Amino acid sequence: MKYDTLRETDPTVAEFLKAERVRQDDTLAMIASENHVSESVMEAQSSELTNNYAEGYPGERYYGGCEYADEIEQLAIDRAKELWGADHVNVQPHSGSQANMGVYLAMLEPGDKILSLDLTHGGHLSHGHPANFAGQVYDVEQYEIDPETGYVDYEGLHETAEKFEPDIIVSGYSAYPREVNFERIQATADAVDAYHIADIAHITGLVAASVHESPVGVADFVTGSTHKTIRAGRGGIIMCGEEYIADVDSAVFPGAQGGPAMHNIAGKAVGFGEALDPSFDEYAEQTVANAKALGDRLQEHGLDLVSGGTDTHLVLVDLRPSHPDTTGKEVETTLEGAGIVLNANTVPGETRSPFNPSGIRIGTPALTTRGFDEEACREVADLIYDVIDAPEYEAVMADVSARVNELTDEYPLYN
């Protein structure tokens with residue numbers, strides 16, 4: 001077989017990939033779950049390990065030819081243990097959702113009870129939404145955000161847990177801008193004899209850099225994504241204590257997955273190595289500082305933030321008080337036309353459809369990777385507000401688009 005370049009063998013796909021790189025270069029990525037990995041991580045993820053089948057774990061594979069796969073996976077494990085201070089780490093889950101599946105399979109029987117945050121209040125599909133496997137296999141009850149404060153209603157969570165008697169309580173969220181009190185949730189789990197999963201999918205990097213409280217050593221299980229604020233290879237991760245190793249590892253393989261995606265695990269190893277450098281702590285601190293600056297400026301413009309601000313990498317805007325006739329989806333679509341990419345999002349007390357909700361979620365991880373500081377993020381907040389307030393004016397859209405082009409040139413993504 002002759003190995004030619006992608007441009008030679010499939011120019012159609014090559015052209016799409018080129019266009020995607022240009023799109024990322026020329027737009028401001030502000031979806032809170034997105035980031036830009038290094039070219040080293042991308043190189044690892046497109047490596048020869050794509051060809052390798054490595055069912056099993058390091059030193060215990062079902063196939064031969066895994067000596068280098070073993071070395072790379074063990075390196076990813078060792079670096080993850082150092083980053084988060086975990087006793088045991090499984091780096092094989094293909095996503096954060098499959099990391100959650102691994103814990104459910106390890107510790108629950110079908111029909112057992114899960115207590116988790118409502119999706120419209122900032123939870124996640126894999127925490128028990130009826131459209132997801134978790135909501136179809138398990139009995140799910142949900143707690144909520146306090147609509148007055150925008151914070152988790154910890155007292156309400158505790159009362160619901162006492163009545164529902166869950167087998168697992170899930171903390172960690174996909175659209176929650178405040179620091180999570182994992183110890184308080186663990187105390188509730190202990191009181192009702194439940195396990196506690198802390199899903200840190202969004203904040204893995206913030207936790208690794210000690211910018212956010214760590215649930216490792218507090219919760220029974222910690223799951224997460226490896227491509228968001230941690231900027232490693234795309235996938236998931238499970239951390240747990242020694243007593244759960246056998247159950248978790250067998251639930252991931254062969255319980256939930258077959259062969260691991262070794263090229264992604266190589267990307268995880270590289271990204272974890274980058275995160276062990278002291279410069280990563282500075283990045284995580286800047287990510288939060290940028291989110292605070294962006295949120296403060298949006299409030300100066302009169303927009304309402306859920307909880308009144310942020311402790312993390314994202315802000316959640318409720319458009320109803322300031323722009324009651326404007327939906328989050330309209331804002332998302334209009335801003336994308338100006339080169340700013342974020343997502344519509346439900347807000348606590350949502351009165352619209354989840355497909356056309358009342359809020360927008362805005363994140364700073366990717367902008368911070370490009371080198372944006374607080375002042376640049378305040379300017380981006382100005383641009384976002386200009387579009388929200390006057391989307392029908394062509395001159396406004398033209399001005400915002402032009403400034404976005406200048407910013408992307410000023411803060412280039414890749415050489």
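A salt bridge is counted where a side-chain nitrogen of Lys or Arg lies within 4 Å of a carboxyl oxygen of Asp or Glu. In this predicted model, the structure holds 15 such salt bridges.

Arg 61 takes part in two of the pairs described here. Its side chain meets that of Asp 70 in a salt bridge, at 2.6 Å from N to O. It also meets the side chain of Glu 73, at 2.7 Å from N to O. The pair of Glu 73 and Arg 61 links distant parts of the chain, 12 residues apart. Glu 73 belongs to helix 4 (residues 67-84), and Arg 61 to strand 3 (residues 60-61). Arg 61 has a relative accessible area of 15% and is therefore buried. Asp 70 counts as buried because its relative accessibility is 18%. Glu 73 is buried as well, with a relative accessible area of 1%.

A further salt bridge joins Asp 318 and Arg 320, with the closest N and O atoms 2.8 Å apart. Asp 318 counts as buried, at 11% relative accessibility. Arg 320 is partly exposed, at a relative accessible area of 22%. Elsewhere, salt bridges link Glu 379, Arg 403, Glu 406 and Glu 410 in a network.

Charge also gathers on the surface. A patch of negative charge is formed there by Glu 144, Asp 153, Glu 155, Glu 159 and Glu 162. Glu 144 sits in the loop between strand 6 (139-143) and helix 7 (154-164). Its relative accessibility is 45%, so Glu 144 counts as partly exposed.

Note on methods:
Residues numbered from 1 in each chain as written. Predicted model: local features only at pLDDT ≥ 70, side-chain atom pairs only at ≥ 80, totals over all residues. Heavy atoms only, no water. Patch = residues over 30% accessible without salt bridge, like charges linked within 9 Å, V, L, I, M, F, W, Y side chains within 5 Å. Areas by Shrake-Rupley, 256 points an atom, 1.4 Å probe, with all protein chains shown as cover. Lys, Arg positive; Asp, Glu negative; His and termini not counted. Charge placed at Lys NZ, Arg CZ, Asp CG, Glu CD. Helix = DSSP H or I, 4+ residues; strand = E, 2+ residues; numbered from the N terminus. Buried < 20%, exposed > 50% of the residue type's maximum accessible area, 1.4 Å probe, protein only.
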